[in-house]
Amino acid sequence: MRLHQPDVIIYDAGVDIHEDDELGYLNVTLDGIRQRDLWMLDYCQSENVPLACVVGGGYRTEHSDLIPIHMSLIDAAYQQRSGK
C-alpha cells in the first residue's frame, strides 16, 4: 500500500478457495472467506483508500450453492459498516 499508493483498489472476492468448490481444491471455510473479506474492507478503510468489490469464482454443479458464499462479501460489508 505504501509503495504503490493506489487511488482505488478493485477487489475480486473470489470464492473458488472454498472447501466445497468443485475446481479450487483448497480448504477455506465460509468463516475464513468472511474473515478475508472483512479484513480487506477494514484495511482499505483504515488506509482511506476507496474499494470497489466484485464477486468472482466459485464452481458448483448447482449454481445456487454459491449464493451464500458470495453473500459473505455483502455480510462483511454490512458488519464493517455497522460496527458489529
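Leaving aside neighbours within four places in sequence, which residues is Ala 52 in contact with? They are Ile 9, Ile 10 and Tyr 11. The model behind this answer is predicted.

Ala 52 lies in strand β2, which spans residues 51–56. Its relative accessibility is 34%. Ala 52 therefore counts as partly exposed, since that class covers values between 20% and 50%. Gln 5 sits 47 residues from Ala 52 in sequence. In space, the C-alpha atoms of Ala 52 and Gln 5 are 16 Å apart.

## Overall layout

The protein has two helices and two strands. Along the sequence they follow the pattern β-α-β-α. Taken along the principal axes, the C-alpha atoms fill a box of roughly 40 × 30 × 20 Å.

The protein has 84 residues, and 29% of them are buried. Its accessible surface comes to about 5800 Å². Carbon and sulfur atoms account for 54% of that surface. Consider next the contacts between residues at least 6 apart in sequence. Of these, 67% join residues at least 24 apart.

## The helix pair

Two packed helices are described by the angle between their axes and the distance between the axes. Here the pair is α1, residues 30–46, and α2, residues 67–82. Their axes come within 8 Å and cross at roughly 40°. The crossing is right-handed.

Helix α1 brings Leu 30, Ile 33, Arg 34, Asp 37, Leu 38, Leu 41, Asp 42 and Gln 45 to the contact. Helix α2 brings Pro 68, Ile 69, Ser 72, Leu 73, Asp 75, Ala 76, Ala 77, Gln 79 and Gln 80. By class, the contact of α1 with α2 has nine nonpolar, four polar and four charged residues.

Gln 80 is found in helix α2. Is Gln 80 buried or exposed? Its relative accessible area is 18%. Gln 80 is therefore buried, as the cut-off is under 20%.

Residues up to four places away in sequence are set aside here. On that count, Gln 80 touches Leu 38, Leu 41, Asp 42 and Gln 45.

Definitions and conventions. Residues numbered from 1 in each chain as written. Predicted model: local features only at pLDDT ≥ 70, side-chain atom pairs only at ≥ 80, totals over all residues. Heavy atoms only, no water. Axes fitted to C-alpha atoms, helices over the stretch in contact; angles between N-to-C directions. Helix = DSSP H or I, 4+ residues; strand = E, 2+ residues; numbered from the N terminus. Left-handed = near helix turned anticlockwise from the far one by under 90°. Contact = heavy atoms within 4.5 Å. Nonpolar A, V, L, I, M, F, W, Y, C, P; charged D, E, K, R; others polar. Buried < 20%, exposed > 50% of the residue type's maximum accessible area, 1.4 Å probe, protein only. Areas by Shrake-Rupley, 256 points an atom, 1.4 Å probe, with all protein chains shown as cover.
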